[in-house]
Amino acid sequence: MTDTAERPVKTPAPEPQTPELQSVDGTTAKGLDPFAGIEEEDDEASREIYFISGLGADWRVFHRLQLKGYRPVHIHWERPFRGESIEHYAQRLMAQVTTEHPILVGLSFGGLMAVEMAKLCDPAQVIVISSAVSGAQVPNYYKLFRWLPLQLVVPFKRLLWAVYGLLNWLFGLEDPEDQSLFKQVLVDTDPFFLKWAMSRVVGWRNQVVPKNLVQIHGGHDRVFPLGDRSADIVIPDGGHLMVLTRAEELSRLLMDALATDPAQA
């Protein structure tokens, strides 16, 4: 189906707050506070930083980061309209951004969304982790799904569970705690959103790279393989979810990148 723009929907910007995770049985998950790892200063000088999670993921993948002096705001995925373009969806997510010159941090599919959102504002900085910044960086084998759209016809959730062990390998997860968290994320993910997002990844043709962009990538990323392309920062043995599995190292790299924010230079 060809993407068609729909009349923009004005959504009031929500107040930043700690999200409550609803599991499949309707109960609220306990023991995972997205603000637990990220140190926050009480003074007004602490700066908002907007996190955009990946396809099939949510704020929990960021919960181990420690970014002193920054207040995390987690962009919440909204249910996409049928046939909605990635550009129009980015407009709707921008309603959650209340800073004039935001810092956007996107992981995986969230990196694509960070790029699209950056095109709609004047960002202080855009940091893309384990992702692509242009259509040319989307792996060629993804593009096969343009002509063979299995993601649209296969019962997607059932397919994910059938290859769950393979997904742990694909995302570079070896620790049982990480695998358990990833499994819960899959349980809570809307299959309609997964199908929509996958279609937008394989059809992404962006050629505009936002200013003030930093790209961080893992040398062992199996979802978006580094291959012969370059990135601003490469972690040689980092996997796709190194933001979770290598949180301490990623925290240092993010703090270094934020310290060179051209808006504060």
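Figure 1. A cavity is a set of grid points where a 1.4 Å probe fits but cannot get out. Here the structure is a predicted model. Rolling a probe the size of a water molecule over the atoms shows where empty space is left. The count comes to 1 cavity of 30 Å³ or more. The volume of the largest cavity is about 60 Å³. Its lining has 11 residues. Closest to the centre are Gly54, Leu55, Ala57, Phe171 and Leu241.

Figure 2. Which kinds of residue make up the lining of the largest cavity: nonpolar, polar or charged? Nonpolar residues number 7. Another 4 are polar. No charged residue is part of this lining.

**Figure 3. The salt bridge between Glu177 and Arg64.** Side chains of opposite charge can pair when their charged atoms come close. The whole structure holds 11 salt bridges. In one of them, Glu177 pairs with Arg64. Their closest N and O atoms are 3.4 Å apart. This pair links distant parts of the chain, 113 residues apart. Glu177 sits in helix 7, residues 176–188. Arg64 sits in the loop between strand 1 (47–52) and strand 2 (70–74).

Figure 4. Is Glu177 buried or exposed? The relative accessibility of Glu177 is 54%, so this residue counts as exposed. The cut-off for exposed is over 50%. Arg64 has a relative accessible area of 24%, so Arg64 is partly exposed. Salt bridges with shared partners join Arg64, Glu177 and Asp178 into one network.

**Figure 5. The salt bridge between Glu78 and Arg92.** The closest N and O atoms of Glu78 and Arg92 are 3.1 Å apart. Where do the two partners lie? Glu78 is in the loop between strand 2 and helix 1 (86–93), and Arg92 is in helix 1. The pair therefore ties together parts that are 14 residues apart in sequence.

**Figure 6. Arg92 with Glu84.** Arg92 also meets the side chain of Glu84 in a salt bridge. The N to O distance is 2.8 Å. How accessible is each partner? Arg92 has a relative accessible area of 6%, so Arg92 is buried. Glu84 has a relative accessibility of 1% and also counts as buried. Buried means under 20% relative accessible area.

Notes
Residues are numbered from 1 along each chain as its sequence is written. This is a predicted model: local features need pLDDT of at least 70, side-chain atom pairs count only at pLDDT 80 or more; totals for chains, interfaces and linings use all residues. Side-chain values use heavy atoms; hydrogens and water are left out. On a 1 Å grid over the protein atoms alone, a cavity is a set of points where a 1.4 Å probe fits but cannot get out, and a pocket is an open set with protein on both sides within 12 Å along at least five of seven lines; lining residues have an atom within 4 Å of a point. Grid points are joined across faces, edges and corners, and a volume is the space filled by probe spheres set on the points. Ala, Val, Leu, Ile, Met, Phe, Trp, Tyr, Cys and Pro count as nonpolar, Asp, Glu, Lys and Arg as charged, and the others, Gly among them, as polar. A salt bridge is a side-chain nitrogen of Lys or Arg within 4 Å of a carboxyl oxygen of Asp or Glu. Helices (H or I, at least four residues) and strands (E, at least two) are DSSP runs, numbered from the N terminus. Buried means under 20% relative accessible area, exposed over 50%, partly exposed in between (1.4 Å probe, protein chains only).
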